[in-house]
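I will go through the strands and how they pair.

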Amino acid sequence: MQIITKSGTRLLNFMPRETIDSGKVYELKIKSEEQNKVILTDSNASFSLVKYYYTYSTTQALDEANFYTIEINNTTDGTLIFKDKLFCTNQDLSTFEISKNVYIEKSTGNNEYIYA
């Protein structure tokens with residue numbers, strides 16, 4: 001799973017199941033799990049090789065605290081070469097709280113039990 005920010009230019013890093021061939025056509029899709037719809041389709045996606053993995057640059061706006069699936073297909077051969085999940089947040093990874101601004105903890109007392 002990759003964690004990316006809500007906006008701006010982001011790089012999606014991935015290791016495909018096969019080597020990217022410049023003579024083939026690749027399609028990238030990002031689907032919102034919350035909305036259950038494809039929010040980005042790049043039917044002629046281009047990737048950059050960085051050492052042993054590839055990157056894809058996008059500026060697609062995403063919703064805070066939502067999950068997305070990413071699929072990359074080799075449309076020339078009709079094969080799926082990569083599938084992963086994305087999570088979008090602008091919170092710092094070191095201080096990330098999944099319940100931030102959603103759940104407020106209430107004190108229920110000192111939680112002591114009295115046994116008789």
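My notes on the sheets and their strands follow.

**Entry 1, the starting point.** I am looking at a predicted model.

I looked up the strand order and found 1-8-7-3-4 in an open sheet of five strands, with mixed pairing. At the edges I noted strand 1 (2–4) and strand 4, each of which pairs on one side only. From one strand to the next, the twist averages 25°.

**Entry 4, strands 3 and 4.** Here I found another antiparallel pair: strand 3 (residues 26–32) meets strand 4 (residues 37–42) over five bridges. I checked S32 and saw that its bridge partner is K37 in strand 4. Four residues lie between the strands of this hairpin, and N36 takes a positive phi near 55° there.

My next find was an open sheet of three strands in the order 2-6-5, with antiparallel pairing. Why is one side of strand 2 and of strand 5 left without a neighbour in the sheet? Strand 2 (10–14) and strand 5 (48–50) stand at the edges and have a single partner strand each, so one side of each stays without a neighbour. The twist in this sheet averages 35° from one strand to the next.

Last, I followed strand 5 to strand 6 (residues 53–58): they run antiparallel and are joined by three bridges. Opposite L49 I found Y54 in strand 6.

Note on methods: Residues are numbered from 1 along each chain as its sequence is written. This is a predicted model: local features need pLDDT of at least 70, side-chain atom pairs count only at pLDDT 80 or more; totals for chains, interfaces and linings use all residues. Side-chain values use heavy atoms; hydrogens and water are left out. Two strands pair if DSSP finds at least two bridges between them. Helices (H or I, at least four residues) and strands (E, at least two) are DSSP runs, numbered from the N terminus. Axes are lines fitted to C-alpha atoms, for helices over the stretch in contact, and angles run from 0 to 180 degrees between N-to-C directions.
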